[in-house]
Each structure stands twice: as C-alpha cells, then as structure tokens.
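Colleague: Please take me through this model slowly, one feature at a time, giving the general idea before the particular case.

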Amino acid sequence: MKKKIGIGKSHSKLILMGEHAVVYGYPAIAIPLKSIEVTCWVEASDHLLIKNAQDPLSVAIFTALDHLKQEAYITYRVNSTVPERRGLGSSAAVAIAAIRAVFDYFNCPLSEPLLDKLASKAEEVAHYNPSGLDVKTCLADSAIHFVRGQGFSNLHFDLNAYLVIADTGVHGHTKEAVEKVKNLGQSARENLDLLGALTLKAEASLLKGDVLGLGRGMTQAHQGLSDLGVSCPEADNLVRQALEYGALGSKMTGGGLGGCIISLVKTESEAENLAKKLEEKGARNTWIQRL
Ligand code: MEV
C-alpha cells in the first residue's frame, strides 16, 4: 500500500583525515555532520518521471525504483542545507535521503546494508571509483575509522576542541581530482603513504586528546594533498589565513579542486572568531563542529 507522501532524510559528512588515500586502501577518519541535512519527499504523479543519468539525485530515485520494480509515476523534491559540490558529502546525502523517501513512499522496509548498497551504486555517477567512505559516514552516528573493502569502526573521543568548516565558494570536483591522482600512477605513492601514516597518527591524537598533535597532522596532510594536485588556490589561501589567525591546524576536506577547508581551534569563542575572520577573507560560508 503506497503512502500519500514518502519522506527520507540524511545528514552530511566531513572527512577529517585520509581523503584520496582512502581510495587506495589507506585508512580515513570521517565525522557525521548531523546539523547539515537533506530531506527528500516523494509523491504520486500522473506523469512518468524521466531519468537524468547525469544527475545523482535522479539516479538515486531510479536506483530505488528499479530495486523495488516500481514504475516511475512519482514526483520528488528535495530540501538541503548541504552545500552542493563542496566536499561535505552532498551527493551521498542526497542519494540516501532519496532512496529512503522512495522506500517510505512504497511502504517497503529498507535495511541499512541495502541502503548502503543502493546509495553506493548511485554515488558512482557523482564520483569516479568511490571508496564508499561518504555513504558510510552519512549513515554513521559517530566518527568512523574506515578502510575500503574492510569496513569501519566507530571512534569515540571527546577532544573538547572545535573545527571551523569554511567554504571556498568554489565548486569541488571530486571525480576529476580522483582521476588526477590515479593518473599520477606510482609517483603518487610517496604522498599516499604519508597521508595514510598521518591518518593513523591523527587517530592516536584523537584518542589521547592531543589537540596540538592533531592540528600539526592536519596541516601536514594539507601539504600532502596539495602536492598531489587536488587542492586549489582558494583553499590554500584560506588554510594560510587560518594558520595566521592561530588555528592549530588546517586542511582541505573531501575531494578537493574547490570545496571546503577545516581548521582546528581549542575553544568555541576561538572558533567563532576564526569563522568571522575567514568570512572576511573570502569564505562563502562557515560552520562550527565540536570534536
Ligand atoms: C570524497 O569525498 C572523498 C575521496 O576520498 C573519494 C572517495 O573516497 O571516494 C576523494
């Protein structure tokens, strides 16, 4: 029995350490951003919906419809506070919300493994060779340690520190960035090894409560990602400004070639001040996340 309206929600994600290296089997640490959300609504329609194979949202809707073997006499709308193409997992969050909404509309149960599988399939349109990290973090309740093909474990820490997320205002290009790293071939190996080692160190810092160590590692990771060619001048500039204003560490987050940076500070008032300063220096938008 169909419902009048199907609703699906998802939160977004932030990669603390390990983006790009995670594609090659190195560990990554990522955090769900519960206050940045997507909601999708599905309703009946007299017209058959047409699939747009270039649009991740449309692909996610059809991935769910195909799985349920249902015809597309539906319409959908989305409300999102996740900025698109800024490395905060908007494509994974949109896919999860859309698949949940379709299953809800058709009143069908949806297990988490099935949702993970269908959202990961839809993600292949937005990403090139996705590691699965984005979908997993958008489904997670707390920070995770993730290794491609091996799964994830929850990380529990209370660092009593804050991350300032700052949007460069430039669209990220995850697919192109992942291809760029792939095309580097063996010459990327040294940097990927470095990023993998920094992620493990960051995990130890998180668990020990070593805020300074975490900050240092973040800045080194930014350099490693920049050396791989996946940062951009706007992100490099905001990272430099954040460090000049006293951040303990700063780096790009997500696929890169645009998108957001994250900076670590100790207190909420330092986070608020830094957010204001980064906005004065050109950040399009900022968010604060407790670690
Ligand atoms: C994109 O959010 C993260 C990357 O590591 C790609 C992936 O994990 O699929 C760049």
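Modeller: We start with accessibility, where buried means under 20% relative accessible area, exposed means over 50%, and partly exposed lies in between, using a 1.4 Å probe and the protein chains only. Keep in mind that this is a predicted model, in which local features need pLDDT of at least 70 and side-chain atom pairs count only at pLDDT 80 or more, while totals for chains, interfaces and linings use all residues. Residues are numbered from 1 along each chain as its sequence is written, and side-chain values use heavy atoms, with hydrogens and water left out.

Colleague: Is aspartate 141 buried or exposed?

Modeller: Aspartate 141 has a relative accessibility of 60%, so it counts as exposed. Its salt-bridge partner is lysine 34, with the closest N and O atoms 3.6 Å apart; a salt bridge here is a side-chain nitrogen of Lys or Arg within 4 Å of a carboxyl oxygen of Asp or Glu. This pair links distant parts of the chain, since aspartate 141 sits in the loop between H4 and strand S4 (144-147) and lysine 34 sits in strand S2, 107 residues apart. Helices (H or I, at least four residues) and strands (E, at least two) are DSSP runs, numbered from the N terminus. Lysine 34 has a relative accessible area of 43%, so it is partly exposed.

Colleague: How many salt bridges does a search of the whole structure find?

Modeller: That search finds six. One of them joins the side chains of lysine 13 and aspartate 134, at 3.4 Å from N to O. Lysine 13 belongs to strand S1 (residues 5-17) and aspartate 134 to helix H4 (residues 133-139), so the pair ties together parts that are 121 residues apart in sequence. Both lysine 13 and aspartate 134 are buried. In another salt bridge the side chains of arginine 77 and glutamate 43 meet at 3.7 Å, N to O. Because arginine 77 is in strand S3 (residues 74-80) and glutamate 43 is in strand S2, parts 34 residues apart in sequence are tied together. Arginine 77 is partly exposed at 43% relative accessibility, and glutamate 43 is partly exposed with a relative accessible area of 30%.

Colleague: How should I read a pocket, and which residues line the second largest pocket?

Modeller: Rolling a probe the size of a water molecule over the atoms shows where empty space is left. On a 1 Å grid over the protein atoms alone, a pocket is an open set of points where a 1.4 Å probe fits, with protein on both sides within 12 Å along at least five of seven lines, and lining residues have an atom within 4 Å of a point. The lining of the second largest pocket consists of Ile31, Pro32, Lys34, Asp141, Ser142, Ala143, Leu155, His156, Phe157, Gln289, Arg290 and Leu291. Strand S2 (28-44) and strand S9 (285-290) are the elements that give two or more residues to this lining, and S2 has the largest share, with three residues.

Colleague: Which residues have the most contacts inside the largest nonpolar core?

Modeller: In soluble globular proteins, nonpolar side chains tend to be buried together. A nonpolar core is a set of buried Ala, Val, Leu, Ile, Met, Phe, Trp, Tyr and Cys residues joined through side-chain atoms within 4.5 Å. The largest one here has 74 residues, and those with the most contacts inside it are Leu16, Ile61 and Leu163. Helix H2 (residues 90-105) gives the most to this core, with twelve residues. Another core, of 16 residues, lies apart from it and includes Val164, Ala242, Ala275 and Ala283. Leaving aside neighbours within four places in sequence, leucine 163 is in contact (heavy atoms within 4.5 Å) with residues including Leu14, Leu16, Ile31, Met218 and Trp287.

Colleague: What can the backbone angle phi tell me about histidine 20?

Modeller: Most residues other than glycine have a negative phi, and most peptide bonds are trans. Histidine 20, although not a glycine, has a positive phi of about 70 degrees. Histidine 20 is found in the loop between S1 and S2, and at 5% relative accessibility it counts as buried. Beyond its neighbours within four places in sequence, histidine 20 contacts residues among them Ala177, Val178, Leu225 and Gly254. Asparagine 160 is also not a glycine and has a positive phi of about 55 degrees. Asparagine 160 lies in the loop between strand S5 (151-154) and strand S6 (162-167), where it counts as partly exposed at 49% relative accessibility.
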